[in-house]
Amino acid sequence: MDQAISHDTLKNRRRKTILLLAAAAISVTGAAWAVNRLISPGVSLGEIRVGEVRVGAIDNTINAAGVVIPVHEEQLSSPNQSRISKVIAKAGQQVRAGELLMLLDDHSIRLAIDNLREQVSKQDVKGQLLAMEMESNLKKIASEIELLELDLQSNKVKLARYQKLGAIGITSAVDLQAAELAVKRNEVQLRQHKESLNDTRRTTQSNVEAARLQKSIYQKQMEAQQRLLEQTQVKAPFDGLLTWMLADEGASLNTGQLIAKVSELNNFKVEATVSDFYARYLSPGQKVRVEYSGQIMPGEVQTILPEIQNGTVKLIVVLDQANHPSLRHKLRVEVNIITEQKARSLIVENGPAISGKGRQDVYVLEDGKAVKRSVEIGLGDSKMVEVLQGAKAGERLVISDISSLKHLSSFRVSQ
């Protein structure tokens, strides 16, 4: 005989049914959520970078690699063939103007100076001997001239007497003719001696002048050797930094060989290198931003070197603050050359999702979704770009790399 089911049993059965239905509902909801996640993928806001479109100034720049170099650097070279006798300073140390850096062997220069000094002395002696010889010759010729003048006077008196006697027929024509010839001979001899006197004076003076000229040449050569001797003491030309030095004692040197470099300590410029593709966009006077460790140092292009090497162009940038405390010799910096500027445009932060100028697809945040939209990008640098079309101020663009989602027209973005 069947017995009636108790009230407690029915109550327990109803409770189990409700629990089973609730579990089934939860399972269905979870499955639906999982399917939805698979069908419509998404990311959290913390996983992406977002830039807000706003109004601001924008620059179009060319990015270049730069190296800090001194405004003034002097290269010291060997004055002649020599060798390093002693090294006193070390590369990398600060030096004062006139401070001794190294000593070069000066033995050959000192020998040359001694030889030239002897040559100068010889020319002095030669000049003195020539002067003495000229004086002696002039005295001898002057004495001979005096004697000839006396002979001439005597012969003229004799001729006058013969002429008087000949007029009255006391003397012969032969004696008269002999007296006339004696006078003429004395006159010729006297003229020749006077000419010899002048010739001797001119010749000796010319020889003395040649000796003086040769002495002057030797003196100038000796002065040049003295300057070379001074240069064997290699000294700092100004206060600065000894950036490089040939420090091998005993090393042989050729004339003009580089032995040291001294650079200004706190006065710098930048040598920038950029692809020759941008050469046509470069010109002297362009404004430049030099960046290092978050600091921006303004400047301008001073010189564009004409030679292209290995597909690159070099240019020299002068800085508004050449003694900026962050600058160091050979420091590598980022150089942004400004080719165009706009004071008021729609701009957004630059990022991997933006690929240069032109029309391109980006994702714009709309109500918890990132929706693909075509925008046109204009001017730009490494930090900001100009939005010409496709977005308005206040909208937020995904600027991080989302290449794994680029096939989607939209995706969810959760907080």
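Visitor: In strand 14, which residue is the bridge partner of tyrosine 292?
Guide: Keep in mind that we're looking at a predicted model. Strand 13 covers residues 287–292 and strand 14 covers residues 295–309, and the two run antiparallel. Look across from tyrosine 292 into strand 14, and the bridge partner you find is glutamine 295.

Visitor: Which residue in the turn of that hairpin has a positive phi?
Guide: Strands 13 and 14 form the hairpin, with 2 residues between them.

Visitor: What is the bridge partner of glutamate 291 in strand 16?
Guide: Strand 13 is also joined to strand 16 (residues 332–349), by 4 bridges, and these two run antiparallel. Go to glutamate 291 and look over into strand 16: the partner there is glutamate 334.

Visitor: On to the rings! Are the planes of phenylalanine 277 and tyrosine 278 stacked or edge-to-face?
Guide: The structure holds 3 aromatic pairs. In this one, the ring centres are 5.1 Å apart and the planes sit at 85 degrees. Planes over 60 degrees apart count as edge-to-face, so the pair of phenylalanine 277 and tyrosine 278 is edge-to-face.

Visitor: Which residue has its charged end over the ring of phenylalanine 277?
Guide: Phenylalanine 277 is partly exposed, at 47% relative accessibility. Ring pairs also link Phe277 with Tyr278 and Tyr281 into a cluster. The charged end over the ring of phenylalanine 277 lies 4.9 Å from the ring's centre, and it belongs to arginine 280.

Visitor: How many residues apart in sequence are the parts tied together by tyrosine 363 and phenylalanine 411?
Guide: Their ring centres are 5.0 Å apart with planes at 55 degrees, so this pair is tilted. Tyrosine 363 lies in strand 17 (residues 358–366), while phenylalanine 411 lies in strand 21 (residues 410–414). That means the pair ties together parts whose separation in sequence is 48 residues.

Visitor: What about methionine 132, buried or exposed?
Guide: You'll find methionine 132 in helix 2 (residues 107–168). Together with Val125 and Leu129, Met132 forms a nonpolar patch on the surface, with about 300 Å² of accessible area together. The cut-off for exposed is over 50%, and methionine 132 has a relative accessible area of 54%, so methionine 132 is exposed.

Key:
Residues are numbered from 1 along each chain as its sequence is written. This is a predicted model: local features need pLDDT of at least 70, side-chain atom pairs count only at pLDDT 80 or more; totals for chains, interfaces and linings use all residues. Side-chain values use heavy atoms; hydrogens and water are left out. Rings of Phe, Tyr and Trp (its six-membered ring) pair if their centres lie within 6.5 Å; planes under 30 degrees apart count as stacked, over 60 as edge-to-face and the rest as tilted. Buried means under 20% relative accessible area, exposed over 50%, partly exposed in between (1.4 Å probe, protein chains only). A charge sits over a ring if NZ of Lys or CZ of Arg is within 6 Å of the ring centre and within 35 degrees of the ring normal. Patches are made of residues with over 30% relative accessible area and no salt bridge: like charges are joined within 9 Å, nonpolar side chains (Val, Leu, Ile, Met, Phe, Trp, Tyr) within 5 Å. Accessible areas come from the Shrake-Rupley method with a 1.4 Å probe; for residues, only the protein chains shown count as cover. A salt bridge is a side-chain nitrogen of Lys or Arg within 4 Å of a carboxyl oxygen of Asp or Glu. Two strands pair if DSSP finds at least two bridges between them.
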